[in-house]
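I opened this notebook to keep track of what I looked up, going from the whole chain down to single residues. The entries follow the order in which I checked things.

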Amino acid sequence: MSEELGKSSYDCDICKESFLEESKFNQHKQIHTGEQQYPCDICGKSFHHGRNLTKHKHIHTGKKPFTCDICGKSFSQNSNLTTHKRIHTGEKPYHCDICGKSFSRYNFLAIHKRIHTGKKPFTCDICGKSFSQSGNLTKHKRIHTEMSVELRESSYDCDICKESFLEESKFNQHKQIHTEKARYHCSICGKSFSDGRNLTQHQRIHTGEKPYHCDICGKSFSYKNSLTRHKRIHSGEQPYHCDICGKSFYQGRNLTQHKRIHTGEKPYHCDICGKSFSRYDSLAIHIRIHTGEKPYHCDICGKSFYQEGNLTQHKRVHTGEKPYQCDICGKSFSVSSSLTTHKRIHTGEKPYHCDTCGKSFSDGSTLIKHKRAHTGEKPYSCDICCKSFSESSTLTTHKRIHAGEKPYSCDICGKSFDQSGNLTRHKRVHTG
């Protein structure tokens, strides 16, 4: 199948989506031509095929008729179940004909192949920069909307273009764009403005000019309000307060994200496994688990990571740095979360509770492992003999049977073992 995928030529020149079959490509094109005959009587959305309408209605009814017989998770569409099951089986049927890398979904292969072709079909309509993935374009656009947090919190909303403003004076200036000809034009991208100051600020996107400097640390910013927000880090000012728990924040968006802890709101959903997140950047990082993308590389050993923070932590393996120290016993750690978990040894705190048997744990990962004893879930499968395990470490140990690897050696007699526990028991032979 990899050869077919490599030669697939059915690419939509409007939205850049790719297809293996011409029939599906022709169906897709109807989205752009407006040929939609089956309307939803609940929300009004229309579809080209009755079966697509049937699938869509599951969103309103909450119906999920397709259930995974391994973990019990349910889905509204059979195709989503098929894709999900590959998490358990490890199946990756889509192969890159250039480097041989395999993927569980065709669209992941399509995204991956752009690394080889250099294709970047998603272009920023503000500065013209291009990207290989739509998600990267979305993240990039935030550079242009540094004021978006304050704007979202304002009450001056333009009912024509939906743009928002903090100050009434700026809102009134903006309305002139719709009522009179914009006089100030950007010579680089052609965007127009009714106020010269707005054009000046806009042009910094192209020039990279950052005229506002922090007199404490020297960091520079394109916008004055960005500098104002930054200075709160030095002053400790936190003007945004949670009315539920009283916690304060430097920025309004941090308060918005925090409040989801209380409400339980998780508006960002993974369309592959269904997992939900309270923050978009958490979803973006999670999706890399499915795509296999690891954009952060260690320049010492070459190992790659999903998150920049994981790379930072990893580098401490090479440097030996352990910046997080316990103020009770003095033990040091390379990761702050390890220090937090460690301190519970001293306090006896066990904040993670099993809702099945009531047992408590000092860290969340141990609770997750424990719960598998109740559910019987074994998500880690051996790709050689297909045996499954509830913990990844157990799978690692198991794989040594196939490889014949025995990394634990007795320093007295030289005998080797595949598990450290077996070595410990063996040493008793020598010590009595």
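Before counting anything, I noted that a residue is called buried when its relative accessible area is under 20%. I also wrote down that this is a predicted model.

Entry one, the whole chain. By that cut-off, 27% of the 432 residues count as buried. I looked up the accessible surface next and found about 27,500 Å², with 49% of it belonging to carbon and sulfur atoms. The chain has 17 helices and 30 strands. For contacts with a separation of 6 or more, I noted that 13% join residues 24 or more positions apart.

Which residues of H16 are buried? I found Leu395, Thr397, His398 and Arg400. Their cover includes three strands, namely E27 (380-381), E28 (388-389) and E29 (408-409).

I located His286 in helix H12, which covers residues 280-291. Is His286 buried or exposed? Its relative accessible area is 9%, so His286 counts as buried, since the cut-off is under 20%. Leaving aside residues up to four places away in sequence, I found that His286 touches Cys270, Cys273, Lys275 and Phe277. The side chain of His286 also makes a polar contact, at 3.2 Å, with the side chain of His290.

Methods: Residues are numbered from 1 along each chain as its sequence is written. This is a predicted model: local features need pLDDT of at least 70, side-chain atom pairs count only at pLDDT 80 or more; totals for chains, interfaces and linings use all residues. Side-chain values use heavy atoms; hydrogens and water are left out. Buried means under 20% relative accessible area, exposed over 50%, partly exposed in between (1.4 Å probe, protein chains only). Helices (H or I, at least four residues) and strands (E, at least two) are DSSP runs, numbered from the N terminus. Contact means heavy atoms within 4.5 Å. A polar contact is a pair of N or O atoms within 3.5 Å; within protein, one must be able to donate a hydrogen and the other to accept it, and residues adjacent in sequence count only if both atoms are side-chain atoms. Accessible areas come from the Shrake-Rupley method with a 1.4 Å probe; for residues, only the protein chains shown count as cover.
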